[in-house]
Amino acid sequence: MRRVPAVLAALALAALVAGAGYKLAHKTSETAEPAARQTAPAKIKSSPELAASYLVAGDVFWGRGVDFFAQQTPQKYDWPFSRLNEFNPQGYDGWLANMECPVSDIQVPISLQTNSLIFSCSPKYLPAASKYFTAFTLANNHMGNVGAQGLADTRSNLAKYGIQFFGDYDLGQTDNLCDVVALKAKVNGRDVQLPIAMCGYHWLSRMPTDTELAQISRYAQYFPVWVFPHGGTEYATHSNAQQDALYRKMIDLGADAVFGSHPHYVQETEAYHGKLIVYDFGDMIFDQWFDSEVTKSLIVNAKVSAAVDSNLQKYLDMASGCAKYKDSCLQTAKEEGLKKYALKYSYGIISGERSTDKLNDRVTHPGSQATQDWLLKRTNWVSVSAALNQ
């Protein structure tokens, strides 16, 4: 075999390596280039999300016995609310209840409050109350106990401490039955205000007329509506036929939810056409301790959510003006041609209780596990909750 000269062999090897390198580089370029030209998938833009969580409770009252015991404690005017922090209120966006007493400087002696059930509540409790409560319904049988001046004083005093209100003890004051309130909410973690219409109906002396009930539909054309009726049989464990018919009719007229008060006992809840009816919450803050029923209370955690579109954004933009009593939010919604926005709801329940064991236990605090179990049974909550979530 002839030997290839060393120089020729070296040249041949160099050519081979050079050719291979060209092919490798060319191949890499061919495979990488298409990948570089690919366009990343477009990101789907989602709507901002509104979310909020509210507590809704029953009767609130700091006259008579509440005031008597409060003044015996170092907390004085803070005492009735001294254990509400145990409900973790900072974890919620608002707290609504029934203010069952005129908050006025017109004071009624405790003997008259006890024997004649003519109530009065001092405004000195408002600095502490305002730390927890966002809005009160004033539609109840005790709000008129010291006359029209007492109601006017209540409105003035609540407004002074930033607590919103709605409703009237007189059903005939049709224009006072409903109002739009502004509740705190969040959009993607940012604080906003959400306008919701609230209606109060005190119907112990008579049933509301169709004209009075039509206020629900009037507001429901543009806003979600929560109705707070006050009536039923005192110290009854279940609703009566009048409650059933009236509260369901309120849903039929456009209410998103009905939150009843007056009987002082926790009563059942109901899912009616997919909407929540609470027939009675029991007493939230009160001076009744005469049996175990009046010392237990229901608190509903109402969670709401919605996708924020351009229509809802207009409602959020107007909401700060809705915190005023007799605001023009309904008229504004009409004039701007806004479409009613829908909220998605989910609910939970929390138990509260009071006892006579110690003075500190006389104020409302979270219920024991036994009380929570009792509450689930009394309210029929397992089946109601399942029906609401269908």
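A charge is taken to sit over a ring if NZ of Lys or CZ of Arg is within 6 Å of the ring centre and within 35 degrees of the ring normal. The model shown is predicted, so local features need pLDDT of at least 70 and side-chain atom pairs count only at pLDDT 80 or more, while totals for chains, interfaces and linings use all residues. Residues are numbered from 1 along each chain as its sequence is written, and side-chain values use heavy atoms, with hydrogens and water left out.

**View 1. Charges over tryptophan rings.** Lys 296 lies over the face of Trp 374, at 5.2 Å from the ring centre. The charged end of Arg 362 sits over the ring of Trp 289, 4.8 Å from its centre.

**View 2. The ring pair of Tyr 235 and Tyr 265.** Rings of Phe, Tyr and Trp (its six-membered ring) pair if their centres lie within 6.5 Å, with planes under 30 degrees apart counted as stacked, over 60 as edge-to-face and the rest as tilted. The whole structure holds 24 aromatic pairs. In one of them, the rings of Tyr 235 and Tyr 265 have centres 5.7 Å apart and planes at 65°, so the pair is edge-to-face. Tyr 235 is partly exposed, with a relative accessible area of 33%, whereas Tyr 265, at 8%, counts as buried (buried is under 20%, exposed over 50%, partly exposed in between, with a 1.4 Å probe and protein chains only).

**View 3. An aromatic cluster.** Ring pairs join Tyr 54, Phe 166, Trp 226, Phe 228, Phe 259, Phe 281, Tyr 345 and Tyr 347 into a cluster.
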